[in-house]
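Have the sequence and the 3D view open as you read.

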Amino acid sequence: MAQDTLRGVVLNQQREPLMAAHVYWQKQPSLGTFTDIQGRFTLPFSTVADSLRISLLGYEETGLQPQPGAQPLEIFLSATEYELSALLVEGKDPISDAFLLTKQEQLDIYLNPVAAADPLRALINLPASTNTSESANPELRGSSADRSRVLVNGVPIYRPVRNTQINGIGNFSLFNTELLQHQYVYPTNAPLTRGNSTAGAVAIETVKELPQNYTQLSLGLANAGVLRGQRLDEHNFFQVYTNRQFSGGFLTLNQSKIRDLESFQSQDAGFNLHLEPLPDLQVDLLAYGIDESYGLRLNILGQTGPLESQRQRYFHALRLRKSYRKGSLSLHHGFDGSKTYFTFGNTDSRQRQRNLYTAFDWRRELNERWEMQTGIVHEQQRYFFHDSLPVDWFRNGLDDPAFAEADSLRMQRLETYRYVRYQPHDDWLLQAGLRMSLLKRDFGRYLSGQFSARHQLTREQALLLSGGYYQSFSLPTSFDKQIRLLNSWQLALDYDYLSTEDLHLHLAAYYKRESGQYDPLQNQLEDHRKIFGLEALIEQPLTTYWSYSLSGTWLQQRVFGAGQEWSGTQDQLFLAKALLQYRHPDWFDFGLNYITHNGLWTTRLSPAAEPGLAPSFPGLPNDFRLRPYGSLNLSLSRYFPWGKRSLVLFLNVNNLLDQGNESNLRYTPDFHENGREYYQRRSIYFGLVWKL
Amino acid sequence: MQHLLITTMLCFTCLFFSQTAGASPASPNDSLLNGIEQTIDRKFVSSLARGQVRPLAELITQLEQGRTLTRQPLYRYWQAYALFWQAIYHMQQEDTKEAEKATDAAIALLKKSNNKTAEDYALLGFLQGFSIPFKASLRAPFISAQASKNARIALEMQPDNARAYYVLGNNDYYTPAQFGGGEKVEEYLRKAIELAAAQTPNPYLPAWGGEQAYEMLIRFYEREREDQQLEQTLAAALRAYPDSFRLNELAGNLN
């Protein structure tokens, strides 16, 4: 009987039983069977000389010629070596996704009334965004914008905003949402795979698919642009665009509300290329250039006068990614160069900057539970300054004495990192990373480390604990010509509840200790600052078309130095945000957003004891609280589709209630208080986007 | 789309789950997973007959236990598939909230797997397409794109996966023409039918897709008013699945 029956077990290379494998005789497949949960099978011997075949989805089919008597058989199958294509690799989230607060897609940005179709402005409504300067530059969880990092396809782009200093509409990022697929936001403990950020990070991924060719024309009160998306074949495409920004119409319409802004204009162009020359090779290139200028009338340290600025900037971010079985190898290359000029009073600053970035990443799944990523990063930054600066920092009038200064700075860093992810159970995810400097020069060797544990409490609830120690570099300016090593300790606890009714509740508490910050007004280096924050968010659809979100953030920001302690500009800050949206595909989209806080701290100046001497500081830094801030913003758009074409009409009103939001104190030339500086008053913008 | 899917699935199941149960049991030590597709169908019918979700829910609990105890990846697939049927049951009870909950749970379950097979990707794509009517309409194109992407991943891993082709055909059928939809419905569904017919029945692995592809293709020809193709396809469908209630009913309606 035993000779008539063949018994065996099918196992993988780790000797684990394989269920559902098809075991059959090649010449008599009707005698086939399937392995059970133990990997076992029994089938009658073939009546003719025959070969036994064993096949299973995901494994290489194998064959053998068993002899009666040698039983039970042990048959091993090897996992299929898939040629993992770019599609499969792209389908995976970053290894560090446990640190992720949110992942925004293109549509999330277009439908966000605060964003005005700008990716970085779309962060403003998040409770983790503690942006109080109306800039698009991300300020996350109480840290200054220059500490956070923005990356495009893995390449850092520093100061990723246009017209940074404009107290008006210029606060947009350099990125075009049409080119963006995802945007990952890490408000604290930015993963060490994403760089070494002492605050948060925003990682932008460009689009990987273009379903069809299209041309998009846009025309607004201050902008005209054209974009073309062109498929080369099924997998390859490019997008190219250009915009011209002009101030005439916008300033005329908003003349009574925007008095300080005298003019602005820019011309920019971008190119996004996605190629898959081989199924497992992906090439992404984003190149962008802008030529911009603006003129303002400002009061700085008592001097009122025109400020003019011009900038030319070009950057590109290139990524080559080779996918292979259970992993990928990536090469990142970036170049960022700019020329900036600005003048105010006796200050005349010319700055050139060149950054070169190269990195290799290797990501590999070790098995079902373990995954790792390792990499090496080289970056070189060069700055050239040709300035005329005030001899006395407090005398910046046109006729006040100035001195010429030429200087250059150079920074080079070489870092390597290791990162592991371990999933001991479906509901647990543990991650840890180390990143260290390999160059002693400049800053010595330094080491950063981080960990996180994410626990899925129930189907609806998750908890994330993360912490680490990080180091990055300050970005020099004409008034602070140094590159400093910045440090930060961070600990954060995030809780999320997401019900099937799409009720989303988010709570967070975090603590940070930052050092290396420079205070230009005091001309001193802070010893350190401590930041403690609490966040709460609730968002929910009310009906099919109506939805809302409410969030509150409380921040404590204390600064320590010279044996004293004082408030940070955002100390005791309560920041609240409300959003009400109506989206009806057949009618219109409407969004109303309100942001309010209880006022920022600023440093008061007192008149000098004698004319020509420096003003004094009556108290510690940030000893005066400005009035509470509030801004109600409205967006309205209507979508008209016909055939393969569409037209979108939109209207945005910023600061609808025209609240006078104080940004700083204003002084007379002899440093007597003389009113306030204000953020943007009510402004109206409208336009259309025509897709052909 | 969902209504059509529900009706289709319902009818296929109620009156025709026996025809796919052709494979012989493999081992004397049988398990819950042997013939699981038919077991799920039976439990679904039982739930409908009783007007209680319990038969299906109990099976889902058993699959959950199996998944936890054995780490056998097939439990995850079938648990997700059973959750889909639970969603269909709730739709029949006109409880869309529970239906959405079950669909989301099925999607989350598959997404969590670190070692997805081609079948996992195909089912994930199918479930994402099915979830679209529950979600905000503006999100539909994005979910649909994700569903197609998962089906294409399935095909990269297993080029002869009938269910992946069905998902692609299904998605293309419902994609509006201005977004390039409708151009490959026929190609995808014909491929799904061809591959489903050639598949060796395996009591542990999924067999669905072929019959559904026939039904969708017939509807496509009806929409496009291609009468000759419609007649030929209907005849072929009835030859391949002569006992199918839905195909027979469709034939009756068309005649």
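Here, two residues are in contact if their C-beta atoms, placed from the backbone, lie within 7 Å. One more thing before we start: this is a predicted model.

With that in hand, look at Leu656(A). Leaving out residues up to four places away in sequence, Leu656(A) touches Leu632(A), Asn633(A), Leu634(A) and Arg682(A). You'll find Leu656(A) in the loop between β38 (645-654) and β39 (662-667) of chain A. Pick out Asn633(A) from that list: Leu656(A) and Asn633(A) are 23 residues apart in sequence, yet their C-alpha atoms are 5.7 Å apart in space. Is Leu656(A) buried, exposed or partly exposed? Leu656(A) counts as partly exposed because it has 17 C-beta neighbours inside 10 Å, while a buried residue needs 20 or more and an exposed one has 12 or fewer.

Now hop over to His316(A), which sits in strand β18 (residues 303-324) of chain A. His316(A) has 19 other C-beta atoms within 10 Å, so His316(A) is partly exposed too. Setting aside neighbours within four places in sequence, His316(A) is in contact with Leu285(A), Leu286(A), Ala287(A), Gly334(A) and Phe335(A). Phe271(A) is 45 residues from His316(A) in sequence, and the C-alpha to C-alpha distance between them is 9.2 Å.

Zooming out, how is chain A divided up? The domain assignment gives domain 1 (2-76) and domain 2 (88-257 + 272-300 + 309-691). The C-alpha centres of domain 1 and domain 2 of chain A lie 59 Å apart.

Over to chain B, which has 12 helices and zero strands. Of its 255 residues, 51% are buried. Take the contacts in chain B with a separation of 6 or more: 57% of them join residues 24 or more positions apart.

Where do the nonpolar residues gather? The largest nonpolar core has 90 residues, and those with the most contacts inside it are Trp78(B), Ala80(B), Ala82(B) and Ala192(B). Helix α4 (residues 73-92) of chain B supplies the largest share of this core, 14 residues. Another core lies apart from it, with 42 residues, among them Ala117(A), Leu123(A), Leu126(A) and Leu318(A).

| Helix pair | Axes come within | Crossing angle |
|---|---|---|
| α4(B) and α6(B) (residues 118-131) | 10 Å | roughly 20 degrees |
| α11(B) (residues 227-240) and α12(B) (residues 245-254) | 10 Å | roughly 150 degrees |

Start with α4(B) and α6(B), which cross at roughly 20 degrees. That angle makes α4(B) roughly parallel to α6(B), because angles under 35 degrees count that way. The crossing is left-handed. Tyr77(B), Ala80(B), Tyr81(B) and Phe84(B) in α4(B) meet Glu119(B), Asp120(B), Leu123(B) and Leu127(B) in α6(B).

For the other pair, the axes of α11(B) and α12(B) cross at roughly 150 degrees. So α11(B) is roughly antiparallel to α12(B). Their crossing is left-handed. Leu234(B), Ala237(B) and Leu238(B) of α11(B) make the contact with Leu247(B), Ala251(B) and Leu254(B) of α12(B).

Methods
Residues numbered from 1 in each chain as written. Chains lettered and ligands numbered in written order. Predicted model: local features only at pLDDT ≥ 70, side-chain atom pairs only at ≥ 80, totals over all residues. Core = buried A, V, L, I, M, F, W, Y, C linked by C-beta atoms within 7 Å. Helix = DSSP H or I, 4+ residues; strand = E, 2+ residues; numbered from the N terminus. Domains from an automatic or database assignment. Axes fitted to C-alpha atoms, helices over the stretch in contact; angles between N-to-C directions. Parallel < 35°, antiparallel > 145°, perpendicular 65-115°, else oblique. Left-handed = near helix turned anticlockwise from the far one by under 90°.
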